[in-house]
Each structure stands twice: as structure tokens, then as C-alpha cells.
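Open the structure in your viewer and keep the selection panel at hand. The tour goes chain by chain.

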Amino acid sequence: MQATIDDLIPVFRDVLENDKLVILEATTADDIEEWDSLNHIYLVVAIEKKFGVKFTTQEIQGWKCVGDILIDMSKK
Amino acid sequence: MKVVILGNYATQFFAKSLKNSFKLYGLSIELYTAEFNTTEYEILDENSQLYKFKPDYIVWHESTLGIRDAFYKTDTLLRSGFADSYLSRTMSLVSEVQKRLPSVKILFPNHSLTFNDNLFGNYFAKVESSWRFQVDKINYLLNVSSMTSNSFYVISSSPVDTLEPVTDYTQVANAELHFTLSYLTWMSEAIVKIVQSFSGKFTKCVVLDLDNTLWGGIIGDDGVEGIQLGSHGVGKSFVRFQKWLKELKNRGIILAVCSKNDDQIARIPFLEHPEMVLKMEDIAVFIANWQSKADNLAQIQKILNIGFDSIVFLDDNPAERDIVRKHIPGIIVPELPEDPSYYLPFLIKENIFETTSFSANDSERTRQYQEESKRMELSSSITNMDDFLNSLEMSATLTSFGRPDYERISQLTQRSNQFNLRTVRYTTSDIANIASDDSFLTLAVELSDKFGKYGLISVVIIKLSGTDAHIDTWIMSCRVLKRTVEHMAMNHVIDILHEKGIQTLYGEYLPTAKNKLVETLLEDLGMTEYENDKFIITTESYKKLKTYIKYAGDN
């Protein structure tokens with residue numbers, strides 16, 4: 001499925017409870033205070049649910065930035 | 001409510017979900033989540049956060065997957081004994097907790113069969129050292145331990161039907177999260193319901209519609225031969241549904257009927273239909289007329305004297321359900337499915353009859369309420385209250401707490417919301433401790449009258465210190481309101497205090513949302529308010545109160 005950064009922004013804002021959050025493809029967890037390991041799991045679950053996809057363990061472990069998520073989504 | 005979560009997986013998600021569920025149900029929660037895999041440390045170290053926190057509840061969630069890993073680490077030759085050693089380790093930890101937190105309740109989900117390993121396929125029952133054999137045994141042994149423990153409650157780890165996966169193995173690998181978030185939400189709601197039940201909020205009565213709820217069709221139109229019950233039409237489902245309702249009644253849930261029907265016609269199936277499981281004697285209050293259901297439900301509530309939030313109303317008609325919901329805040333009205341064959345599976349899944357106690361006394365309840373209906377009829381034919389009370393030929397025994405009654409006494413402290421002076425909740429073990437402590441004066445009152453026995457209906461606990469005494473607990477079942485039971489008990493209390501040389505009795509009313517009924521109790525008992533909601537009386541100045549109950553001794 002083809003998703004863009006604009007599709008992910010509402011999910012990130014919702015899960016991280018920050019309406020003004022801005023993310024770019026190069027954004028990493030280190031850039032955003034609320035993006036801790038706990039919220040990381042909530043993000044995965046929320047993206048999987050919203051877009052009807054399922055990521056593999058290796059895919060999730062391989063993510064370095066938001067762009068990597070989009071790349072894996074495009075393979076589904 | 002203070003809650004601690006112990007577990008052998010990443011429980012932070014469970015913690016978050018539990019907090020949400022408590023909030024959703026309007027309960028306050030203070031939560032401490034122990035670090036991953038620190039259960040033994042928290043329990044064995046007397047200076048641990050667990051003991052500093054002093055929780056009311058411990059939710060001890062051992063992931064079956066984690067235990068399975070421990071099982072594989074066990075030497076093959078020792079695996080047949082795995083369940084036994086798991087149990088002895090678990091129960092010795094439980095008794096450590098009990099030593100330091102005597103009134104805590106430990107909720108322990110049992111082990112889920114979704115973590116079966118199929119190593120022996122379906123041959124597992126022949127191989128004692130198989131994982132599946134040992135898990136089954138662990139669950140059985142956990143039940144046995146729970147049965148005899150006052151603080152250890154084994155709870156179900158499995159929803160009735162699991163359409164959603166219990167585990168997402170990606171999350172196990174990435175975060176040691178052994179359960180899906182939707183499963184943890186289910187578990188959290190189950191725990192909220194258990195906690196509510198412990199604090200006295202649980203279903204006590206089911207009010208049933210008749211046509212298309214207890215049988216198919218309309219009795220007024222179809223006649224007793226025409227309604228669907230038993231082998232006719234969808235009748236089998238109704239029979240199965242009725243059997244379950246009858247079991248509920250046997251467990252102590254009150255059944256009542258509220259139907260738009262002609263009274264005589266509505267009774268015919270109960271009296272004449274051979275496939276009818278529920279009989280008239282199963283129904284505590286039967287109301288069939290053409291008035292609004294909201295009015296009739298109010299009438300039922302008045303007779304039973306219980307809160308609307310402990311009543312469930314079952315009706316196949318969405319419009320009736322809607323009206324009742326709108327007019328009676330708090331009443332529980334499940335959205336029954338359209339297909340009658342799913343009434344029962346739906347109600348089982350909803351688990352709206354959660355309970356945290358069971359005693360033989362519970363199954364007596366319907367008979368007691370039927371007697372109450374008869375008494376109400378009598379009281380409307382007698383206008384003079386003196387005559388009425390005398391005509392009841394009441395007698396009572398007053399005893400200090402005895403072992404066979406501990407469960408029932410504790411239940412009264414858990415269940416009573418209205419006639420409850422201070423609303424202190426006690427577990428069975430608390431009651432045992434109080435009973436054996438000389439600094440408490442305890443009183444259990446059993447009442448009977450010419451219509452039958454009420455059983456244990458009032459409990460009084462007085463704390464003694466020097467020449468003073470304080471009322472700790474004063475509870476009475478609302479079924480015996482206005483019978484002068486409290487007068488008799490007070491006379492008795494003052495007599496005993498006087499004998500012991502105690503001069504002053506103090507009392508205090510602690511208001512809650514539900515106990516307005518006893519706002520003036522202490523004043524009615526002859527005490528004087530010396531400060532807001534605080535009362536006092538000296539045994540010297542006490543004047544005996546009038547009672548219509550004959551003293552039948554101390555048992």
C-alpha cells in the first residue's frame with residue numbers, strides 16, 4: 001500500500017497526544033520526547049490497525065526513522 | 001483504590017489499560033507497577049515498594065509463555081513434578097504477602113491454553129511430563145488453593161470466545177509484551193468488575209419480560225399451546241435460557257417478572273406448560289399489567305429494597321429497553337441480540353453477574369423475598385403499627401460472632417450499602433480476627449417471625465477501650481427495616497457495656513451516597529449529637545427502647 005507522511009501524522013499526533021506534532025521522513029524517536037519505547041508499541045499497533053497491515057519483527061527492528069515505516073508499508 | 005501489578009512480562013501496557021478501565025467505570029486508582037520479573041523480590045523483601053505502597057489489590061499476572069520457558073529449563077526427569085513445585089513456590093509467596101498485608105486481595109489469572117506447545121500433539125494426556133499435562137494440572141491446583149485461601153483469588157485468563165488473538169508474537173519479540181492490547185483491555189475490564197463486586201456493587205436481581213424473552217410468541221395471542229418453548233420452533237433456545245436463569249436463581253440472584261400482559265394469562269405458562277423450566281416459586285415478584293414498565297420496575301425495586309444499579313432488565317423489545325434506560329438511571333439494560341438463540345451466549349459473554357462471595361444462604365433469598373411480599377400484603381390490611389408488629393410474633397437470637405457465620409458476616413459488610421452506619425468492609429479473615437480479639441464486642445442477630453426465618457440480618461461491632469466504647473460497625477438488612485431490631489440490639493449492647501463497667505458509648509455516622517437511611521439512627525437509639533455526625537451516650541442515662549421482638553437467647 002502507498003502511504004505518505006501526511007497519512008502518518010494524524011496517527012502520531014493521536015498516539016503521542018500532541019496536536020501540534022510535526023514529523024518528517026527523517027524524524028527519529030530521539031527527535032520527539034513523547035516517542036519512548038512504550039509509545040513505540042502503541043504506534044505500531046495504531047498504524048497496523050488503521051492501515052490494515054502487519055509488520056514483521058525484523059521490519060520493526062529495522063526502523064531508524066519515519067521514512068523506514070513508509071518504505072515497509074509500501075511493500076504491503 | 002490502591003493496586004499493584006506484578007508480572008513476568010512487560011506489564012506497563014497492562015498498567016495503562018487498567019488505569020483507563022478504572023477511570024471509565026468511575027473508580028479512582030493509585031497504581032504501582034513492579035518492574036518486569038521482580039515478583040519474588042517484591043514479595044520477599046520486607047522493605048520493598050510493594051509493602052510501602054500498602055495496596056488493596058495485587059494483580060499478579062504470570063504470563064503462561066514465561067512459565068513455559070521455565071518449564072523447558074526444567075530437567076526432563078523432573079517435569080512430571082513441575083506443577084507441584086510451581087504451586088508450592090506460588091503459594092509460599094502468597095503466604096509471605098498475607099503475613100505483611102493481611103487484608104490485601106491477590107487476583108491471579110490462571111494459565112491460558114492458548115500457549116499449548118503441541119509437542120505431544122493430542123497424546124499429551126498420556127504423558128505426565130508434557131507441558132499441556134502440567135498446565136492443566138497447575139490450573140486445577142490453583143483452583144484448589146484459591147478455594148481455601150482468604151486472600152488468593154484465581155481468575156479466568158480466557159474470554160468466553162476469543163475472536164481476537166491473545167498474543168502478537170512480534171510484540172513478544174520486540175518488547176516482551178506477551179498479550180495484545182485488546183486482550184489487556186478485556187482483562188482490565190474483568191478486573192474492574194471484580195473490584196466493583198468486592199466493594200458491594202454487583203447484580204442482585206434480574207427482571208424478565210415474558211413474550212419473546214422467556215418464550216417465543218405472545219401468550220395472549222398464541223395461547224399456551226401456541227407459544228414456542230421446548231421442541232416447538234426456536235423453543236429449545238428458550239428452554240436452555242430458562243435453565244440458566246434457574247441456575248442463577250439457585251446461586252442467589254433474585255428473579256422477577258415485569259410484563260405488559262393480563263396477569264392471569266401471563267401466569268398460565270408457568271402453571272401449565274410442560275416445558276416451562278421456571279415456575280412461579282422461582283419468581284420473587286411477579287408484575288403483569290398494562291402500566292409502563294418504568295413504573296412497574298420502580299414497584300419491584302421498592303419491594304426488594306435494593307438499588308437500581310444492582311438490577312438487570314431483560315426485554316427483547318428495543319423500544320421498551322430504551323424507555324426503561326431513559327427513565328431509570330443506573331439500571332442495567334443489556335442490548336439483547338435479535339436472535340433468541342444468542343440471548344444466553346450473549347449474557348454469558350457479558351459476565352454481568354460477577355460475584356466475590358458465595359454462601360449457602362444465598363440460595364434462600366427468593367423464598368425470603370416471597371415471604372416479604374406476603375408480609376407486605378398483611379401490612380396493608382393492618383393499619384395499626386403496634387398491632388402489626390405484635391402480630392408478626394418475632395423472636396431473635398443475639399450472639400457474639402461464631403465461626404460458621406464468618407462468611408455471612410463478612411458478606412453483610414460487603415453487600416450492605418443502605419443500613420450501614422460506617423460502611424467498613426471486612427473479609428472473612430478480618431471477621432475471624434475481630435471475633436477472637438477481646439477488645440471487640442460483637443453481635444450477630446438472627447430474626448424469625450411467623451412467616452419464616454430471616455437468618456442473620458444484623459451485625460454490630462463495638463470497639464472497647466478502657467471505660468469508653470466506640471461503634472465500629474452497625475449493619476442491618478433492609479428486609480427487616482422498622483421491626484425494632486436495632487432497638488433490641490441497642491438494649492443488648494448497653495446491658496453488656498454496663499456489666500463490663502463501661503460508662504460511655506461513642507458513635508459516628510459516615511455518610512455515603514447510599515446510606516442516608518441511617519443518618520438519624522444513632523439519635524433514634526437515644527444518643528446525643530455532640531459534634532456534626534458524632535454521637536455520645538452514657539450507659540447510666542440510657543433508657544431501654546421499645547421492641548416487639550422476643551429475646552430467644554444467645555443461640
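In what order do the elements of chain A run from the N terminus on? Select chain A and trace them: α-α-α-α. That is four helices and zero strands. Helices (H or I, at least four residues) and strands (E, at least two) are DSSP runs, numbered from the N terminus.

Before moving on, note that this is a predicted model: local features need pLDDT of at least 70, side-chain atom pairs count only at pLDDT 80 or more, and totals for chains, interfaces and linings use all residues. Residues are numbered from 1 along each chain as its sequence is written, while chains are lettered from A and ligands numbered from 1 in the order in which they are written.

Stay on chain A. Of its 76 residues, 18% count as buried. Buried means 20 or more other C-beta atoms within 10 Å of the residue's own, with C-beta atoms placed from the backbone.

Now select the sheet in chain B. Its four strands lie in the order S8-S7-S6-S9, open and parallel. S8 (283-289) and S9 (311-314) stand at the edges with a single partner strand each, so one side of each has no neighbour in the sheet. The twist averages 15° from one strand to the next.

Zoom in on S7 (residues 254-260) of chain B. Six bridges join S7 to S8(B) (strands pair at two bridges or more, by DSSP). Here B:Val257 stands opposite B:Phe286.

Last stop: B:Lys193, in helix H8 (residues 181-198) of chain B. B:Lys193 counts as buried because 21 C-beta neighbours lie inside 10 Å. Show B:Ser21 too: 172 residues away in sequence, but 9.8 Å in space, C-alpha to C-alpha.

Note on methods
A residue is buried if 20 or more other C-beta atoms lie within 10 Å of its own, exposed if 12 or fewer, and partly exposed in between; C-beta atoms are placed from the backbone. Axes are lines fitted to C-alpha atoms, for helices over the stretch in contact, and angles run from 0 to 180 degrees between N-to-C directions.
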